[in-house]
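Me: I want to learn how to read the features of a model like this one. Take me through them one at a time.

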Amino acid sequence: MDLANLAHVLEQVDSLRIGFCYDSGHHYNYYPGDDLLSMYGSRLMALHLHDNNGSYAQHGLPFDGTIDWSATMKKIAETNYSGAIAIEAMNWDYEDLSAKAFLHKAFERAKLEALKIP
């Protein structure tokens, strides 16, 4: 994700067909000091949610890294986004789990909507 390119497109092109996909892990890994959801939340078209520890694009399950999920979900709620949400976790750091156990854990962690309540 290149914030300069994103900013240029979203600030220069006024179209309901052009927006952005918010990726929580990449946001907090590459641009933790920028409030992307406040800046461009009105242009939000998709969500890719995953956690990381801030050192690499970990793609962990929610609550297994350093992202403040309560704050993130409240920011998402403020955008009034009502589309699909993708949990973009990879099993890279869960090699000790079977595929079934990983998917079960991912399903349990995907219940983030309760955190959107202000």
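Me: Which side chains meet in a salt bridge with N to O at 2.7 Å?
Reply: A salt bridge here is a side-chain nitrogen of Lys or Arg within 4 Å of a carboxyl oxygen of Asp or Glu. Asp 64 and Arg 109 meet that way, at 2.7 Å from N to O. Asp 64 sits in the loop between β2 (44–49) and α4, and Arg 109 in helix α5, so the pair ties together parts 45 residues apart in sequence. Helices (H or I, at least four residues) and strands (E, at least two) are DSSP runs, numbered from the N terminus.

Me: What should I know about the model and its numbering?
Reply: This is a predicted model: local features need pLDDT of at least 70, side-chain atom pairs count only at pLDDT 80 or more, and totals for chains, interfaces and linings use all residues. Residues are numbered from 1 along each chain as its sequence is written, and side-chain values use heavy atoms, with hydrogens and water left out.

Me: How many salt bridges does a search of the whole structure find?
Reply: The search finds 3. One of them joins Asp 35 and Lys 75, with the closest N and O atoms 2.8 Å apart. Asp 35 lies in the loop between α2 (24–30) and α3 (36–40), and Lys 75 in helix α4 (residues 69–78), so this pair ties together parts 40 residues apart in sequence. Lys 111 also forms a salt bridge with Glu 108, the closest N and O atoms being 3.6 Å apart.

Me: Are Asp 35 and Asp 64 buried, partly exposed or exposed?
Reply: Buried means under 20% relative accessible area, exposed over 50%, partly exposed in between (1.4 Å probe, protein chains only). Asp 35 is partly exposed at 30%. Asp 64 is partly exposed too, at 31%. Lys 75 has 27% and Glu 108 has 39%, both partly exposed.

Me: Which residues of helix α5 are buried?
Reply: The general idea comes from the turn. An α-helix has 3.6 residues a turn, so residues three or four places apart point the same way. In α5 (residues 99–109), Phe 102, Ala 106 and Arg 109 are buried. Down the axis of α5, these buried residues fall within an arc of 65° (taken from the directions from the helix axis to the C-beta atoms), so they line one face of the helix. Lys 100, Leu 103, His 104 and Phe 107 are exposed on the other side of α5.

Me: How many aromatic pairs does the structure hold?
Reply: A pair of aromatic rings is described by the distance of the centres and the angle of the planes. Rings of Phe, Tyr and Trp (its six-membered ring) pair if their centres lie within 6.5 Å; planes under 30 degrees apart count as stacked, over 60 as edge-to-face and the rest as tilted. The structure holds 3 such pairs. Among them, Phe 20 and Tyr 40 are edge-to-face, at 6.3 Å centre to centre and 75° between the planes. That pair links distant parts of the chain: Phe 20 is in strand β1 (residues 20–23) and Tyr 40 in helix α3, 20 residues apart. Both are buried. Tyr 94 and Phe 102 form a tilted pair, with 5.3 Å between centres and 50° between planes.
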